[in-house]
Amino acid sequence: MMSQDDVHRLAYLEEAKELLADLEASLLELERTPGDTDLLHKIFRAMHTIKGSGAMFGFDDIATFTHDVETVFDKVRNGLLGVSRELLDLSFHACDHIRALLEPDNAGDAGLTAAGRTLLEGFRRYAGEEAAPAAAASAVSQEASPGVARIYRLRIRPQGDILVTGNNPLHLLEDVCSLGECRMFAHVEAVGPLDDLDPEACLVWWDCVLRSPASRQELADVFLFVEDECDLTIDLLDDGCAMDGEGIHKLLGQILVERGDITPADLENALSAQKRLGDILADQGLVQPSQVASALAEQTAVRDLGQKQAERQEKTSSIRVAADKLDFLVDLVGELVIVQAQIRQAVDERGDPHLRGLAEHLERLSESLRDSTLSIRMLPIGATFAKFRRLVRDLSTELGKDIELVTSGEETELDKTVIERLSDPLVHLLRNSIDHGIESPAQRQAVGKPAAGRISLAAAHVGGEVCITVGDDGGGLDPAAIRAKAEQRGLISPGAELTLKELYHLIFQPGFSTAKAVTSVSGRGVGMDVVKRAIDALRGSVEIDSERGKGTSITVRLPLTLAIIDGLQVQAGGEYYVVPLGHVEECVELARDEDGQRRRIVNLRGEVAPVLSLREAFGLGGQPPAIEPIVVARVDGERIGIAVDRVVGEHQTVIKTLGRLYRDVDAFSGATIRGDGSMALIIDVAALVRREALFEAGRT
Amino acid sequence: MAEAVSSNDNQYLTFTLERELFALDIASVREVLELVNITRVPRTPDAIRGVINLRGRAVPVVDLKQKFGMGSTARTVNTCIIIVEVDIEGEPTVLGALADSVQEVYEMESSQIEPPPRMGTPIRADYIRGMGKSGEQFIIILDINKVFSSMELAGLAQALGEAGAEAGED
């Protein structure tokens, strides 16, 4: 049994890892747009949280380390330090270091502590060297990009003769107001009777609470020209880093003490009396009633402004749920969908209209429950892409190459499990592109290409599938070298006629992974069999396109989810099968030829499509009906007919894996449970068609 | 349940295939089902009869008789599916095994179990963990992990390849 503490620590570890990932993504982003203050705030916040909760859960080494890094970034954030390659390198190492510190095995590791010290040295040196605000850095701070809103307290006390010099404090106040949301409190106690009034003297002064993304310097700049005629104090009440609105609603007495209006001792004394604090303080003559009123106004203002911030955070809030709970939920919904299908079948048999109505209602409910449950598991692939930026940056630096990673389709959503299992194969593909695909800058320039290589990583929804493409503008595959290697290894017979695609596919053969000759010439093949296997396990497929000298692109196609699909149930030879509805275009009927032979092509409104018979493909035997229903499916952009005995109907289909014993059976993506409790196999249409095409090719 | 498991070290579930008496270590047996509809998976070896729905899971069913070359199991009132959990390459896998009839849970001390004879048994010796005795009748105690590991996919893939080749020819 885990203690409560352990649970919290685990939660912290999870959170910290995510924060680190965010941090890295922000740093990479910062490398591209060094002037983005928004990002600097984000980075600072992430570090702040890692530090704060680290200290809370006993990760003292992390807290100490992060504290020093945070200090440096605070300077950067406030425009005192510039953003440079050196800082970024240090920061990336810092991320790695924190990650290492998170590993329980590394606790108290002397080498790690030393590494941390060296890193901090680097940070300190950096902070020291650039202590004078760099020109670029001050530009950063002045850029009015929307950063984190902080709450300031300003006390603006113009001197009496400020009006004489032609300045109007009201304009200053307007300028302050324009910087953000502002609450003012005017102190008018000095204004005497009208008869005594000197219209050229400024008697009013202001307390002001401002919520603004502006930096302290920007606030001070408003008063730049009246520095000598106006007493100004600016205090930061909330730096926007507090995760929840807590800790910013201060007690009245606290505010007064902070502002220096009373001493803590005064407050103590006052609190011992029974009246309301404001009245007491005023009665005792320690503060003017107006000062109390101003402080009260500040209290309200800060609370309001702070709450607004909290509300905004709530809108984008999310809940962290353990993955296994979610898996369990998906399983349950799967069971529900099966029962629902069973009820529907039973109701159809009875024909009771009342029951039918209820069953339809249940169907609608379970359908939306299914969709929303599955959508919980869907995540945009962008987070994974962001992780790869770091990989490309590190690896290309290491290899002395200049490579730009261009990503698109980050918002493409995929099942969480698919994303997790996709990460490794994608890393392999990217590594290949960086290591072998893209030539060295010198080689590139020699063939007239720009010195900097380019790797594109794109995701997109195509029909019921997701396509992920890793492309590079490197040297491309060398068919001759692959052929030579394959012949040498006995994978193909010498002189065998292969299409380019078939030839390229040879690099997925396990034997090719160790083939040094090929990797140095064609540049592909390291661990590609691993990629293929991982993608196969996800019921996906891999395609290679390559042009010598121009580059290579590898496309991975994957199903959207691993759990539940819409399926069309069909019957052939007494068995039931399910065709994923995503593939189905229409159903037509086809009569046999006069001589009783099955037709092998069908004419679909002028377009010719091949027809394969499920009976034949599955070796079911028996006599097909005289008029065969044809399910028209679209596979890889082509239409193909599948002849069956009967089309049963549309059902939600929960995919159950066939298990290990059937691992190599590629024509089925799984099985599902029919209404009567028996099982029906789910046809992997693409694989079936591929296999049939292969046999056709073998026949001719 | 936990107690029961610890106390049945020497218990075996006996069942028949044709006239022969076989036994499985009870620890690997999950339950015994009546014969239900088995959904055949096309183009797979005959010894794997197909899949059944075991409370929402697709569980493959193996015809032990076919596997052992004793002909195919026919459906009778006594035909059962023994659900076992076996270890295939370190992965626990749930499978069904067809049996002509299930007999009883039988207790045998390990001293009563003899090593398999070199020859004379109806099935391959390496599938046999040992020989027990019930009265005058021998009991073949199966090494269930070995039996099912050998259904492993090299064999299955090959069978598929052959099926494919045949289909290609016709």
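## Reading a two-chain model

Q: Which residues does A:Arg99 touch, not counting residues up to four places away in sequence?
A: A:Arg99 touches A:Leu20, A:Ala21 and A:Glu24. A contact here means heavy atoms within 4.5 Å. Please keep in mind that this is a predicted model, where local features need pLDDT of at least 70, side-chain atom pairs count only at pLDDT 80 or more, and totals for chains, interfaces and linings use all residues. Residues are numbered from 1 along each chain as its sequence is written, chains are lettered from A and ligands numbered from 1 in the order in which they are written, and side-chain values use heavy atoms, with hydrogens and water left out.

Q: Where in chain A does A:Arg99 lie?
A: Look in helix 4, residues 85-102. Helices (H or I, at least four residues) and strands (E, at least two) are DSSP runs, numbered from the N terminus. A:Lys17 is 82 residues from A:Arg99 in sequence, yet the two are 7.1 Å apart in space, C-alpha to C-alpha.

Q: Why does A:Arg99 count as partly exposed?
A: Buried means under 20% relative accessible area, exposed over 50%, and partly exposed in between (1.4 Å probe, protein chains only). A:Arg99 is partly exposed because its relative accessibility is 29%.

Q: And A:Arg153: is it buried or exposed?
A: A:Arg153 counts as buried, because its relative accessibility is 3%. You will find A:Arg153 in strand 1, residues 150-158 of chain A. Leaving aside neighbours within four places in sequence, its contacts include A:Cys208, A:Asp235, A:Glu258 and A:Glu298.

Q: How many helices and strands are in chain A as a whole?
A: Chain A has 23 helices and 21 strands. Of its 700 residues, 46% count as buried. Among contacts in chain A between residues at least 6 apart in sequence, 70% join residues at least 24 apart.

Q: What does a positive phi tell me to look for?
A: Most residues other than glycine have a negative phi. In this model A:Arg605 has a positive phi of about 45 degrees although it is not a glycine. A:Arg605 sits in the loop between strand 15 (601-604) and strand 16 (607-613) of chain A, and its relative accessible area of 67% makes it exposed. B:Glu18 is in the loop between strand 1 (11-17) and strand 2 (20-25) of chain B, and is partly exposed at 45% relative accessible area.

Q: How do I read the interface of chain A and chain B?
A: The size of an interface is often given as the accessible area lost when the parts come together. Chain A and chain B bury about 2400 Å² between them (accessible area, 1.4 Å probe, that two parts lose on being put together, summed over both). Of that area, 63% is on carbon and sulfur atoms. A:Arg660, A:Leu661 and A:Tyr662 supply 35% of the area that chain A buries against chain B, more than any other three residues. The contact takes 25 residues from chain A and 31 residues from chain B.

Q: How many salt bridges does the rule find across that interface?
A: The rule finds zero salt bridges there, a salt bridge being a side-chain nitrogen of Lys or Arg within 4 Å of a carboxyl oxygen of Asp or Glu.

Q: Which elements of chain A each supply at least two residues to the side that touches chain B?
A: They are strand 13 (575-580), helix 22 (614-617), strand 20 (668-673), strand 21 (679-683) and helix 23 (685-699).
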